[in-house]
Amino acid sequence: MPVSQNEGTPTVGFVSLGCPKATVDSERILTQLRVEGYGVAPTYAGADLVIVNTCGFIDAAVDESLEAIGEALSQNGRVIVTGCLGARADLVRGTHPEVLAVTGPHAYQAVMDAVHNHLPPRRDPFTSLLPPQGVKLTPRHYAYVKISEGCNHRCSFCIIPSLRGDLVSRPIGEVLTEAERLVAAGVRELLVVSQDTSAYGLDLRYRPDFWRGRPLKTDCENLARALGELPAWVRLHYVYPYPHVDALIPLMAEGLILPYLDMPLQHGSPAVLAAMRRPAATERVLERLARWREICPDLVVRSTFIVGFPGEAAADFERLLDFLRAAQLDRVGCFAYSPVHGAAANNLPDPVREEVKEERLARFMEVQAEISHAKLAARVGQRLTVLVDEVEDERVLARSYADAPEIDGTVIVPGAWDLDPGDFIEVEVTAAQEHDLWAEPVED
């Protein structure tokens, strides 16, 4: 039986890769480790073993995960692998046969079982060492709240259902209790994540649950309305443009949740969307966006797109650019299509040449850059409430309601200010560039 090198306290190192949903998985595992008395080491050398939470969504992520596993083995030697790439245990073990154990995504108990087997817990855990919000990998002032696992869609380019299964929603009372605990611990922004936030509760047939002594249907609207009762920003990610999403927009106009939607649209050509097996028609999306903006003029929409999908003809790409110009989205990410192991799209005819993909990606981003710059330039002179992320010697980095952490822009406040991360301040925008704003504090 292995003996801890850390004076009797078994200590685990942790490497977390992938999307915010994987970050939440990592936080849950780290929290359980702390509950059971394990220490968490910031270095390979200080750990008795290392857990690597992997990503396996695209080939580049697979390569990054395998490289991270190899690094952990080289620097520490005792490695447990979990996460999406863990669903391909044969690949992991074929590449790194020395790993101690391999588990799939959101397999919390299986990870803990592997840790117990290779590094038994001490018998008298100091549970008081665990903070009330659990262990978080994000800064103290914001946190991701995962409301469901899996996805019922079968998009041809995606393997998430094969890795994480069909939709499994958490009861609304459980989600709200977690959110309430996070806010009580100092969290000022709750970022709601899942594979399909707008489908929340569908698998439960929107079964009622209880929070604060009252019944609530388990659905996206009731969740958003209840989260809006908490003294924190609430930001929704991964929302599909279903008709029932219309009910969220008045909540944004009322200020209950942030007027921000992260909505992965993926393309603007009906033919390509059909090949992708995507659920939305472009004309309806444009109509819905126009209606939403009438109800909530401050609405900010972020989206992601794929160019160079198999069968994407020149006319399809031009239609995508036309859609982009018509939609006038605030924040956009774009990727050149790359095959994903196990995805149905790999078998589609007429692959697009790599040089054409890159040329289309550059053209797409050029069009969106003009839109983004014009959107940000229109904010010069506006007053905004911003959330402080970092305080440096000569500037403060903050975000407005229009900016999700790590993926959107920043509001830069020059000068030395007596502020802390998590503070809300009022600013006036003084300048804009393609991605970021500059502002000065408003002193009334």
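Colleague: Are phenylalanine 309 and tyrosine 337 buried or exposed?

Modeller: Both phenylalanine 309 and tyrosine 337 are buried. Keep in mind that this is a predicted model.

Colleague: How many aromatic pairs does the structure hold?

Modeller: The structure holds seven aromatic pairs. The general idea first. Two numbers describe a pair of aromatic rings: the distance of the centres and the angle of the planes.

Colleague: Take phenylalanine 157 and phenylalanine 309. How far apart are the centres of their rings, and at what angle are the planes?

Modeller: The centres are 6.4 Å apart and the planes stand at 85°. An angle over 60 degrees counts as edge-to-face, so this pair of phenylalanine 157 and phenylalanine 309 is edge-to-face.

Colleague: Which parts of the chain does that pair tie together?

Modeller: Phenylalanine 157 sits in the loop between strand E7 (148–149) and H5. Phenylalanine 309 sits in the loop between E14 and H11. The pair therefore ties together parts that are 152 residues apart in sequence. Phenylalanine 157 is buried too, with a relative accessible area of 8%.

Colleague: And what of the rings of phenylalanine 309 and tyrosine 337?

Modeller: Their centres are 5.1 Å apart and their planes are at 75°, so this pair is edge-to-face. It links distant parts of the chain, 28 residues apart. Tyrosine 337 is in the loop between E15 and helix H12 (354–377).

Colleague: Which residues do ring pairs link into a cluster?

Modeller: Phe157, Phe309 and Tyr337.

Colleague: On to pockets. How should I read one?

Modeller: The general idea is a rolling probe. A probe the size of a water molecule, rolled over the atoms, shows where empty space is left. In this model, the largest pocket has a volume of about 1500 Å³.

Colleague: Which residues are closest to the centre of the largest pocket?

Modeller: Cys19, Lys21, Phe57, Tyr238 and Phe335, out of the 48 residues that line the largest pocket.

Colleague: Which helices and strands each supply at least two residues of that lining?

Modeller: The helices are H1 (20–35), H2 (59–75) and H5 (160–164). The strands are E6 (142–146), E14 (300–307) and E15.

Colleague: How do the lining residues divide by type?

Modeller: The lining of the largest pocket has 30 nonpolar, eleven polar and seven charged residues.

Colleague: What does the side chain of aspartate 330 reach?

Modeller: The backbone nitrogen of valine 301, at 3.0 Å. Setting aside neighbours within four places in sequence, aspartate 330 is in contact with several residues, among them Arg293, Gln368, Ser372 and Lys375. Leu299, Val300 and Val301 are also contacts of aspartate 330.

Colleague: Next, backbone angles. What is phi of arginine 205?

Modeller: Phi of arginine 205 is positive, about 55°, although arginine 205 is not a glycine. Tyrosine 206 also has a positive phi, near 55°, and is a residue other than glycine.

Colleague: Where is the place of arginine 205?

Modeller: In the loop between strand E9 (189–193) and strand E10 (208–211). Tyrosine 206 is in the loop between E9 and E10 as well. Arginine 205 is exposed, with a relative accessible area of 77%. Tyrosine 206, at 30%, counts as partly exposed.

Colleague: Last, the prolines. Where do proline 42 and proline 339 lie?

Modeller: Proline 42 lies in the loop between strand E2 (39–41) and strand E3 (49–54). At 83% relative accessibility, proline 42 counts as exposed. Proline 339 lies in the loop between E15 and H12. At 41% relative accessibility, proline 339 counts as partly exposed.

Colleague: How do I read separation in sequence against separation in space?

Modeller: Take the C-alpha atoms. Proline 42 and threonine 11 are 31 residues apart in sequence and 9.9 Å apart in space. Proline 339 and tyrosine 144 are 195 residues apart in sequence and 29 Å apart in space.

Colleague: Which residues is proline 339 in contact with?

Modeller: Asp59 and Asn346, leaving aside neighbours within four places in sequence.

Terms used:
Residues are numbered from 1 along each chain as its sequence is written. This is a predicted model: local features need pLDDT of at least 70, side-chain atom pairs count only at pLDDT 80 or more; totals for chains, interfaces and linings use all residues. Side-chain values use heavy atoms; hydrogens and water are left out. A polar contact is a pair of N or O atoms within 3.5 Å; within protein, one must be able to donate a hydrogen and the other to accept it, and residues adjacent in sequence count only if both atoms are side-chain atoms. Contact means heavy atoms within 4.5 Å. On a 1 Å grid over the protein atoms alone, a cavity is a set of points where a 1.4 Å probe fits but cannot get out, and a pocket is an open set with protein on both sides within 12 Å along at least five of seven lines; lining residues have an atom within 4 Å of a point. Grid points are joined across faces, edges and corners, and a volume is the space filled by probe spheres set on the points. Helices (H or I, at least four residues) and strands (E, at least two) are DSSP runs, numbered from the N terminus. Ala, Val, Leu, Ile, Met, Phe, Trp, Tyr, Cys and Pro count as nonpolar, Asp, Glu, Lys and Arg as charged, and the others, Gly among them, as polar. Rings of Phe, Tyr and Trp (its six-membered ring) pair if their centres lie within 6.5 Å; planes under 30 degrees apart count as stacked, over 60 as edge-to-face and the rest as tilted. Buried means under 20% relative accessible area, exposed over 50%, partly exposed in between (1.4 Å probe, protein chains only).
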